Amino acid sequence: MMIRPPKPHPSPAVRLAPSILSADFARLGEEVRAIEAAGADFVHFDVMDNHYVPNLTIGPQVCEALRPHVQIPIDMHLMVEPVDALVPLFAKAGADCITFHPEASRHVDRTLQLIRAHGCKAGIALNPATPLAWMDHLMDKLDLVLLMSVNPGFGGQTFMAHTLHKLREARRRIEAHTATGGQPIWLEVDGGVKLDNIGAIVQAGADICVAGSAIFSAADAAGGYHGVIRALQQAAASPTDFPSSNAPRRTTPCH
Ligand code: DX5
Ligand code: ZN
């Protein structure tokens, strides 16, 4: 009788990265523990400097204070300009992944090397109007690419539907890279991810979804976030059409 090898553990449809920008800042430790307990895969930590973006949030000391509260990786999204001086501070404070906006760094390749040299996964974040061409000469130095599906700076904005085309094209480039022996690169989407669009977003190629307001505005009756995180995981695993009220139109080529 043929003995079948054990089935590999099914990989999750998507990894969820709740953005603590929408959490209760007066109870951040409790909030990150609650999302981890509910099954979140990352803590998404939005750093805004009131220079690169018109908002001001949190820095390395808050990262350091939160680090002992959770085991899951801290996914640092730097919306700051310049970038390099902050990299060692956030690495020391416990960040696991550090992503920055390439327009905000004078030497993008050097910044990516700096992040990896500090033991973190390195990523670039591309704004809605920033072309995927930024990936072209960096593929070997990228651990993740984050596509912004809103303009950076605020939570609670509406997902820009043309991001779906950009996601498909970014996914195609990543698959071409790994098919020729390149390292894996995560494809993350950030901004306006909700229950009614996460299926289409994952279908378009995202493997990490950031969600801020969708999670932190939907606490369980008894506290915690089990219900909304389970619902997002289920919606992510069932491909759906994009909500017709916000249907994607191809407006610009993705390169
Ligand atoms: C926006 C931030 C996002 C934001 C997402 O600049 O990078 O991470 O918190 O929030 P929602 O999910 O509410 O759009
Ligand atoms: Zn973010």
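Reader: How much space lies in the second largest pocket?
Author: In this predicted model, the second largest pocket holds about 150 Å³ of space.

Reader: Which residues line that pocket?
Author: The lining of the second largest pocket is formed by Lys 121, Asp 143, Arg 171, Ile 174, Glu 175, Thr 178, Pro 184, Ile 185, Trp 186 and Asp 207. By class, five of these residues are charged, four are nonpolar and one is polar.

Reader: And which helix gives the largest share of the lining?
Author: Helix α5, residues 163-179, gives the largest share of the lining of the second largest pocket, with four residues.

Reader: Turning to ligand 1, where does it sit?
Author: Ligand 1 sits in the largest cavity. The elements that give two or more residues to the shell around ligand 1 are β2 (43-48), β3 (74-79) and β8 (208-211). Of the shell, β2 contributes the largest share, three residues.

Reader: How many residues surround ligand 1, and which are the closest?
Author: Ligand 1 is surrounded by 20 residues, and the closest are Asp 46, Gly 153, Asp 190, Gly 212 and Ser 213. The shell comprises 10 polar, eight nonpolar and two charged residues.

Reader: What lies 2.5 Å from an oxygen atom of ligand 1?
Author: That is a polar side-chain atom of Ser 213. In the side chain of Asp 190, an N or O atom is 2.7 Å from an oxygen atom of ligand 1. Gly 212 places a backbone N or O atom 2.8 Å from an oxygen atom of the ligand.

Reader: What share of the area that ligand 1 exposes alone does the protein bury?
Author: Ligand 1 exposes 380 Å² when taken alone, and the protein buries 100% of that.

Key: Residues are numbered from 1 along each chain as its sequence is written. Chains are lettered from A and ligands numbered from 1 in the order in which they are written. This is a predicted model: local features need pLDDT of at least 70, side-chain atom pairs count only at pLDDT 80 or more; totals for chains, interfaces and linings use all residues. Side-chain values use heavy atoms; hydrogens and water are left out. On a 1 Å grid over the protein atoms alone, a cavity is a set of points where a 1.4 Å probe fits but cannot get out, and a pocket is an open set with protein on both sides within 12 Å along at least five of seven lines; lining residues have an atom within 4 Å of a point. Grid points are joined across faces, edges and corners, and a volume is the space filled by probe spheres set on the points. Ala, Val, Leu, Ile, Met, Phe, Trp, Tyr, Cys and Pro count as nonpolar, Asp, Glu, Lys and Arg as charged, and the others, Gly among them, as polar. A residue is near a molecule or strand if one of its heavy atoms lies within 4 Å of it. A polar contact is a pair of N or O atoms within 3.5 Å; within protein, one must be able to donate a hydrogen and the other to accept it, and residues adjacent in sequence count only if both atoms are side-chain atoms. Accessible areas come from the Shrake-Rupley method with a 1.4 Å probe; for residues, only the protein chains shown count as cover. A molecule sits in a cavity or pocket if more than half of its atoms lie within 2 Å of its grid points.
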